[in-house]
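The following paragraphs lead the reader through one protein model, beginning with a single residue and then turning to the whole chain and some of its parts. Please keep the sequence and the structure in view while reading.

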Amino acid sequence: MTLLIALTLLLTAPAAALEQVTLQLRWKHQFQFAGYYLAKAKGYYRDEGLEVTILENGPGQPGPLTKVVNKEVEFGITASGVVVEYANGAPVVVLAAIFQHSPVTWLVRGDRGIESLHDLAGKRLMTLLPVMESVELLAPFLVEGMTLEQLELVPTSFDIQDLVDGRVDAFNAYLSNEPFLLERRGIPFKLIQPRTYGVDFYGDVLFTHAELARRNPELVRRFRRASLRGWRDTMADIEGTAAFIHANYATDKSLEHLIFEGRQLKSLVLDDIVPIGHMNPGRWRRIAEVNASLKLMPADVELAGFIYDPNPQQDLSNYYLVAGLLSLALLISLSVMTVIATLNRRLRLEIAKRRAKELELERLARTDPLTDLMNRRAFLEAGDREFALSLRQKHPLSLIMVDLDHFKDINDNHGHPAGDRVLQQVADLLREHVRESDACGRLGGEEFALLLPETASSAALHLAQRLRQALAETPMTLEDGRQLKVTMSLGVVERLPGERCFGALLSRADNHLYRAKALGRDQVVSTGPC
């Protein structure tokens, strides 16, 4: 409460002789924009000589991109799709990515039998149109070999009731918003997230007009610095920030909802892994490639002028001139050399730290966030590599497909947190039984797969039987101490001499898996080697 009172007083304090700028939000006031509210309320913008007006948005209003390009406002918040506008000529510069992972997700009812993207073929999907407004939601279908013609896309009404009442089968949602609404009403739901299928965009990007960045780089630098300072404070105190927003901005939302938003968004900011606002040029190139694959922008667009550099290289010509003039003075020269050596050492350390952080982001993009196994994209890439190596070296290659039996009953009877806990324990069991050279992944829902290089089907069958027996004999323990008996069905195959791609191996293993289910579950179906 002390924080709430202090921030409210700061918010209403007068400001004098400050440079006026405006920030246009993407949507209505909510926790999604908390860092900017705190930067204003705590005086961080005033410390930088700025008086900032924060404008909310809503349905039917001009978006931040339009307002920034038309120079109606100086700064805006947008999605990763801004790279398309840049490629098509919009004079914009992205300053900071607040969310390292996008909160945009498909939301489906948990009682409609929809478990994956493939289950949405022929279904009604409510999302932002035209297609360029929903790239990160639609691109995963192309990654999975589907086409947009297989989907019935409906313009969004921004009303979750359309999903609840069954007028649509999937709804474009925010992790921090609609799931809370369904949870409060006791309606079961499932999230189908793009990054599960290898499409991992930034969320909520701060940007400005390219002319402003060129003409007044100091103003841009000050605004960015104060904003990120506000976001760091936000991540350090979710509950206090939620109370402040509830009292001053999002008065129509419950405090409980705002705290839920804050906790969900903190998991996307990843402030314990990378600095808030961090942007990786390689990641932006990948986002551009996805948009180009949908024919929304040209391929191979140069992004150097698109991505803001918070630490531009300084002009060292005067430094070198002075150093040259003083080079005859041995003592000064040695001092300069010592300083340079120290800076180089710090630079190497900084480069090593950044590289480590980027590698961690790459790992997260290839890892299933729930089980820490390979995600579908990473597993399929490993399958293609090992299949090609098996063909070239004429070594056996086996694949085991695993699916948990009656998993939907666990979610329905015990809740999704219980189902998630079961999936994590099954993943641990699989890890315990595979070799370091094997690949273990979660393909989606309750389906897993094991890729076994240089392994014949007899050995793979033996491993599958051990896995089936181990799970049957090991009860899964829920958070409240209750134990559930869970079984699995498995399909086992070995590469056939005539097969030319990993997809054929995957398809046969999938057929065996479903044969195991049809035969009564809790068993293994295998094809011996030819």
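**A guided reading of the model**

Glu473 is located in helix H19, which spans residues 457-473; helices (H or I, at least four residues) and strands (E, at least two) are DSSP runs, numbered from the N terminus. With a relative accessibility of 55%, Glu473 counts as exposed. The classes used here are buried for under 20% relative accessible area, exposed for over 50%, and partly exposed in between, with a 1.4 Å probe and protein chains only. Between Glu473 and Lys485, which are 12 residues apart in sequence, the C-alpha to C-alpha distance is 8.1 Å.

This is a predicted model, in which local features need pLDDT of at least 70 and side-chain atom pairs count only at pLDDT 80 or more, while totals for chains, interfaces and linings use all residues. Residues are numbered from 1 along each chain as its sequence is written, and side-chain values use heavy atoms, with hydrogens and water left out.

The protein as a whole contains 20 helices and 17 strands. Along the principal axes, the C-alpha atoms fill a box of roughly 80 × 65 × 45 Å. Of the 530 residues, 50% count as buried. Among contacts with a separation of 6 or more, 77% are between residues 24 or more positions apart, where contact means heavy atoms within 4.5 Å.

The protein exposes about 24,800 Å², of which carbon and sulfur atoms supply 53%; accessible areas come from the Shrake-Rupley method with a 1.4 Å probe, and for residues only the protein chains shown count as cover. There are 60 positive and 67 negative charges, and their mean positions are 3 Å apart. Lys and Arg count as positive and Asp and Glu as negative, whereas His and the chain ends are not counted. The place of a charge is taken as NZ of Lys, CZ of Arg, CG of Asp or CD of Glu.

A search of the whole structure finds 13 aromatic pairs. Rings of Phe, Tyr and Trp (its six-membered ring) pair if their centres lie within 6.5 Å; planes under 30 degrees apart count as stacked, over 60 as edge-to-face and the rest as tilted. One of these pairs joins Tyr86 and Phe306, and this pair is tilted, with 4.9 Å centre to centre and 40° between the planes. The two residues belong to distant parts of the chain, 220 residues apart: Tyr86 lies in helix H5 (residues 82-87), and Phe306 in the loop between helix H13 (281-293) and helix H14 (317-325). Both Tyr86 and Phe306 are buried. Phe306 also pairs with Trp284; the ring centres are 5.1 Å apart and the planes stand at 90°, so this pair is edge-to-face. Trp284 is in helix H13, 22 residues from Phe306. Trp284 is buried, with a relative accessible area of 0%, and Phe306 likewise has 0%. Ring pairs link Tyr86, Tyr202, Trp284 and Phe306 into a cluster.

The loop between H13 and H14 also holds Lys295. Although not a glycine, Lys295 has a positive phi of about 65°, and its relative accessibility of 74% makes it exposed. His406, again not a glycine, has a positive phi of about 55°. His406 is placed in the loop between strand S11 (397-404) and helix H17 (407-414), and at 47% relative accessibility it counts as partly exposed.

Two further helix residues complete the tour. Ala213, in helix H9 (residues 210-215), is buried, with a relative accessible area of 19%. Apart from neighbours within four places in sequence, Ala213 is in contact with Val93, Thr208 and Val220. Ala213 and Tyr308 are 95 residues apart in sequence, yet 8.6 Å apart in space, C-alpha to C-alpha. Val69, in helix H4 (residues 64-69), is partly exposed at 27% relative accessible area. Not counting residues up to four places away in sequence, Val69 touches Ala90, Pro91, Val92 and His209. Between Val69 and Thr156, which are 87 residues apart along the chain, the C-alpha atoms are separated by 25 Å.
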